[in-house]
Amino acid sequence: MSMINYASREINCKLVYYGPGLGGKTTNLEHIYGKVAPNTRGKMISLATETERTLFFDFLPVDLGTIRGFKTRFHLYTVPGQVYYNASRKLILKGVDGIVFVADSQIERMEANVESMQNLYDNMSEYGYDLTKIPFTIQYNKRDLPNAAPIRDLQQALNPGWPIDDPAQQKVVPDPGHPGENIVEKGEDGWYGRAPYYEAVAVRGDGVFETLRAVSKFVLKTLS
Amino acid sequence: MSGAASWSFNESDYRQIQQYLQGFLRDSNARCALLVDRTGQLVATVGEPPQFDPTAFASLTAADFSANDQLAKMIGEPDFASLVHQGEKESMYLADVAKRVILVVLFDQRATLGLVKLKAKATVEALNHVFQAMFDRVGAGGGDDTKGILHGAEDEIDKLFG
């Protein structure tokens, strides 16, 4: 739910980083916090347990620039990944404008990824939001690890695509991050769409800003 | 619904909100009043400028209110329309406005909780009308101003993200 404030000339949008526990959601925010100029970001708030596991959320406001004289301010949130924190996870999704799903690429975490993705769909639909219609990006994190699953397998499990029935939207949309691949195309059973994806090693910062840029741009474009 | 609806407020909404809040601060002796939307975005601040980071404060306020809403449901209440956090010197009073916004009042020993609650009641009612009118305007299709502002700005967005 983006909010436009004419008095302070700001457009405020909310992005949520979702995904299984220990997947790197907080690490994404920490990297952004460390890299952006201090005058374009606010304080990072972490509601975490003593062992640094996210209990409620992490929060970081970032200004991404000015459009039409309005400051575009993005509020970045992470959710707690652990399964039993679903009540707080659902609260954070309220009013979300864009979602980044941070998947843990390790083969052993495949089941946790799928479970978290299902949980995201469920929580979104409880609010009446349709994940296939809002800006949504998947980040495959920890690509540097030797036990990282191939992208093809991850895509198959987490991003198989959804049917596109509206004829107006049945046109090929190239994936900006992967030349030669499309996020909307015609398959054997008709047209389908997929979320754009990015590969990342969040602890090194690889792919962190690419993901943020992609989803923020997507959010602003839906307003234009 | 594909996602949450956007809403916006214009300068005259803002002036009206400020007038109500200034009147409330005068009558209640509270130090500062903030309006925060339920997604954690700061809408307005009136009174003594806060000494803390207002953006972080707003996101925590929304989380606090949402968590308490869920607690209310667990004990069989539809919601808690207001919350009080009482400290030794500084205290906070939070109240729901039109189910979309939270009024946060910061007060110290110069004000009493009873007076703050009493005066807040009328202010919340007045604000309910202002916000309801704002939401109705968007619902009626006459005020989806976010679209107006960024309409045709694709080039500018592309440039911003290089």
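Visitor: Among contacts in chain B between residues at least 6 apart in sequence, what share joins residues at least 24 apart?

Guide: The share is 52%. The model is predicted, and a contact here requires C-beta atoms, placed from the backbone, within 7 Å.

Visitor: What makes up chain B in terms of helices and strands, and in which order do they run from the N terminus?

Guide: Chain B has five helices and six strands. Starting at the N terminus, the order is β-α-β-β-α-β-β-β-α-α-α.

Visitor: How many residues does chain B have, and what percentage of them is buried?

Guide: Chain B has 162 residues, of which 35% are buried. To be called buried, a residue needs 20 or more other C-beta atoms within 10 Å of its own.

Visitor: How do you know that chain A touches chain B, and how many residues are in contact?

Guide: On the 7 Å criterion, 39 residues of chain A are in contact with 39 residues of chain B. On the chain A side, strands E1 (3-5), E2 (10-18), E4 (54-67) and E5 (70-78) and helices H2 (86-92) and H5 (208-223) each give two or more residues. The largest share, seven residues, comes from E4(A).

Visitor: Which classes of residue are found on the side of chain A that touches chain B?

Guide: That side has 21 nonpolar, eight polar and 10 charged residues.

Visitor: What makes E1(A) and E1(B) a pair of strands?

Guide: Two strands pair if DSSP finds at least two bridges between them. E1(A) and strand E1 of chain B (residues 7-9) have three bridges, in the parallel sense, so they meet the criterion. A:Ile4 stands opposite B:Ser8 in E1(B).

Visitor: Why do E8(A) and E11(A) count as paired?

Guide: Strand E8 (residues 162-163) and strand E11 (residues 190-193) of chain A are joined by two bridges and run antiparallel; the cut-off is at least two, so they count as a pair. A:Trp162 stands opposite A:Gly193, and A:Pro163 is opposite A:Tyr192.

Visitor: What do E10(A) and E11(A) form, and how many residues lie between them?

Guide: They form a hairpin with two residues between them. Strand E10 (residues 182-187) of chain A pairs with E11(A) in the antiparallel sense over four bridges. A:Lys186 stands opposite A:Trp191 in E11(A).

Visitor: Why are E8 and E9 of chain A said to stand at the edges of the sheet?

Guide: The open sheet has four strands in the order E8-E11-E10-E9 (chain A), with antiparallel pairing. E8 and strand E9 (173-174) each have a single partner strand, so one side of each is left without a neighbour in the sheet.

How values were computed
Residues are numbered from 1 along each chain as its sequence is written. Chains are lettered from A and ligands numbered from 1 in the order in which they are written. This is a predicted model: local features need pLDDT of at least 70, side-chain atom pairs count only at pLDDT 80 or more; totals for chains, interfaces and linings use all residues. Two residues are in contact if their C-beta atoms, placed from the backbone, lie within 7 Å. Ala, Val, Leu, Ile, Met, Phe, Trp, Tyr, Cys and Pro count as nonpolar, Asp, Glu, Lys and Arg as charged, and the others, Gly among them, as polar. A residue is buried if 20 or more other C-beta atoms lie within 10 Å of its own, exposed if 12 or fewer, and partly exposed in between; C-beta atoms are placed from the backbone.
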